[in-house]
Each structure stands twice: as structure tokens, then as C-alpha cells.
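Hi,

Here is the structure I promised to pass on. Have a look at it, and then read my notes below.

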Amino acid sequence: MTNNIAQQKSHILLTQAVPAPIDEILRRDYDVHRLYETSEPKKMLADIGPLIEGVVTGGAKGLSREMMECLPALKIVAISGIGTDAVDLAYAAKHGIYVTTTPGVLTDDVADMALGLLISTLRQMSEGEQVVRAGRWPQTNLPLARKVTGTTVGIIGMGRVGQAIARRVAAFDARILYTDLAPISSLDYTFIADIHALAQEVDVLVLAASADSGKVIISESVLEALGPEGYFINVARGKLVDEAALLDALIHKRIAGAGLDVFAHEPHVPEGFFTLNNVTLQPHRASATVQTRLEMGNIVLANLAACFSGNVPPHRV
Ligand code: 8YV
């Protein structure tokens with residue numbers, strides 16, 4: 001005999017869309033509420049907030065304390081990403097709420113994006129593309145670009161992503177320097193503790209650090225140290241950069257160029273960037289491939305499933 005009493009599904013809240021196959025499983029197993037589809041998020045939280053036991057969110061979006069306070073039954077914040085900087089971890093810990101991430105699976109994509117930005121920026125590929133698309137090739141004499149092979153690259157943050165970037169630029173015969181909280185004994189690359197000294201020494205500075213401290217790392221003085229021949233690449237977080245100082249340095253050619261996947265107040269990008277031809281701009285797409293987003297989604301599902309079956313989620317922080 002079948003049991004006619006349907007088992008009560010847990011209510012979960014999605015702050016952003018997930019790939020269709022992941023969404024399908026979420027709908028099968030949970031009662032799904034979509035914050036990103038409502039024009040009245042506050043009203044939605046007031047209406048369904050007390051029911052919500054799980055939140056699925058992105059690394060950049062996270063979950064603010066203000067929102068967590070509207071979710072008294074919350075058990076898990078499942079981040080589809082690796083950054084925990086946009087979640088109030090102290091609040092979560094105090095209230096026994098699991099916070100989980102999707103480590104490992106997006107490392108390659110983020111490193112690939114760093115390389116793409118690096119090559120595009122040094123070789124002025126954005127400007128070249130605009131010239132072709134606008135039909136201006138016959139009238140245009142683009143300045144010569146910067147050679148990529150053989151550059152000196154400085155990596156800030158030598159975690160999984162930083163190391164994957166190092167392996168990739170090594171294939172371009174780069175000299176690799178890095179900084180982190182301390183030297184990593186398993187790595188052969190040169191460690192430089194002081195970020196200004198690092199910036200001064202390199203042609204390309206790549207930011208791959210976590211943003212948990214919330215502090216600005218790339219200040220006006222770091223950009224000064226990078227200098228007019230230096231390039232800056234960011235695949236970490238925009239809030240780690242003094243964005244106004246970066247824009248000013250680019251406008252006045254105090255640095256040579258920048259490749260940016262992330263911004264301080266996404267999705268807002270200061271308009272000053274739009275007309276610069278020494279930048280490559282991306283809308284935070286480093287992990288946005290079908291393959292990786294599915295892997296991330298599967299880890300999110302595993303974390304939720306563990307939590308709602310009374311186990312410790314495998315990727316809690
Ligand atoms: C994603 C990220 O863009 O992992 C992170 O912390 O910021 C990115 O990989 C984001 O999490 C989208 O869900």
C-alpha cells in the first residue's frame with residue numbers, strides 16, 4: 001500500500017537562478033521560492049521568511065545579516081561559489097546555521113578567466129574587436145600591443161585559484177612572484193611579503209585573494225608602485241580594490257591597463273570604464289560555464305540533502 005500522506009518538503013529560497021537540471025531537482029525535493037523573480041523582495045521575505053529553512057545563493061550575492069534576521073528557521077546557507085565574504089559568518093555561527101561552498105570545481109574556470117583577461121588586456125583584444133565590429137579597420141592604425149610571453153607576473157593570493165593561474169602563466173614562460181599571508185613551502189615561485197614591493201617588481205599584478213577581511217588591498221599607492229607599464233587583473237572581488245583610484249590611474253595612464261571580471265558594487269560598473277580602450281571588462285563570469293555551474297549545483301544539492309537529512313553538510317566552512 002502506498003502512503004498517501006505526502007512528506008512535507010522543506011522550503012528553500014533562491015536568491016539567483018541555477019542551471020535548469022539543478023533547478024529541476026530542487027523543485028522535486030523542496031518547496032522553492034525565488035527572491036530574484038519578485039519586484040517586492042521585502043514583502044516576499046515578510047510573507048514566507050518564517051518558513052524558509054535553506055537559502056541557495058551566489059558567492060558575490062551572499063546573504064546579509066538583515067536577510068538572515070528575516071529567516072528564523074534557517075538551517076543552511078548553501079553558496080554556489082567559493083567566496084563567503086558576503087555572508088555574515090558570525091551571525092550564522094551564533095545561530096547554528098551551516099554555511100557551505102563549492103570548493104575545487106571552479107578553480108580552473110576562474111584561472112582560465114584570469115588568463116583570458118591577461119591576454120586580452122595586454123594584446124588590446126577588446127579594442128581590436130571594437131574596431132572590426134564598427135567597420136573601422138581600414139581607417140584605424142592601432143598602437144602595438146604588449147607581448148604576453150615572458151612577462152613577470154605577481155599573484156596576490158596563492159590559494160587554489162592563484163596556483164592554477166601560476167601553472168597557466170608558467171606555460172607562457174612567465175617569471176612568477178606571489179604574496180600571501182606567508183610563503184608556501186611547496187611552491188617554487190618567489191614570495192614577496194610586501195605588496196608594494198611585489199607591484200613594483202612585476203609587469204602584471206593578478207588579484208586572486210579571498211575577500212573575507214573586507215579590506216582594500218589594491219590602493220592608490222599599490223597602483224602607483226605597479227606604474228605606467230604595469231597591468232592589473234582582478235578575478236577576486238571588486239571590494240578589494242579602491243575602484244575610484246583604479247579608474248583614475250587608468251584614465252591618466254598611471255597604469256597601462258586592467259582586466260576586470262569583478263567590481264565593487266555589482267552589477268553597477270562606474271561609467272568611466274566604458275570609454276577606456278586600455279581595459280577588458282567582464283560581468284563577473286569567471287565560473288559561468290555550463291560544466292562548472294552544473295558541478296557547483298550538484299555540490300549545492302549534496303550540501304542541502306545532507307543538512308535536511310540531519311547530517312553535517314560535506315562542504316561547510
Ligand atoms: C560566482 C564567485 O560568480 O565563487 C564565488 O565566490 O563569486 C563566483 O564563482 C558566483 O558565486 C555565482 O554564483
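A polar backbone atom of Gly59 sits 2.7 Å from an oxygen atom of the ligand. That makes a polar contact, meaning a pair of N or O atoms within 3.5 Å (within protein, one must be able to donate a hydrogen and the other to accept it, and residues adjacent in sequence count only if both atoms are side-chain atoms). Gln16 reaches a ligand oxygen too, with a polar side-chain atom at 2.8 Å, and for a polar side-chain atom of Arg293 the distance to a ligand oxygen is 3.4 Å. On its own the ligand has 330 Å² of accessible area, and the protein covers 91% of that (Shrake-Rupley method, 1.4 Å probe; for residues, only the protein chains shown count as cover).

Bear in mind that this is a predicted model: local features need pLDDT of at least 70 and side-chain atom pairs pLDDT 80 or more, while totals for chains, interfaces and linings use all residues. Residues are numbered from 1 along each chain as its sequence is written, and side-chain values use heavy atoms, without hydrogens or water.

Who else is around the ligand? There are 13 residues, and the closest are Gln16, Gly59, Ser80, Ile82 and Gly83 (near means a heavy atom within 4 Å).

As for the whole fold, the protein has eleven helices and twelve strands (DSSP runs: H or I of at least four residues for helices, E of at least two for strands, numbered from the N terminus). The C-alpha atoms fill a box of roughly 75 × 50 × 35 Å along the principal axes.

Cheers
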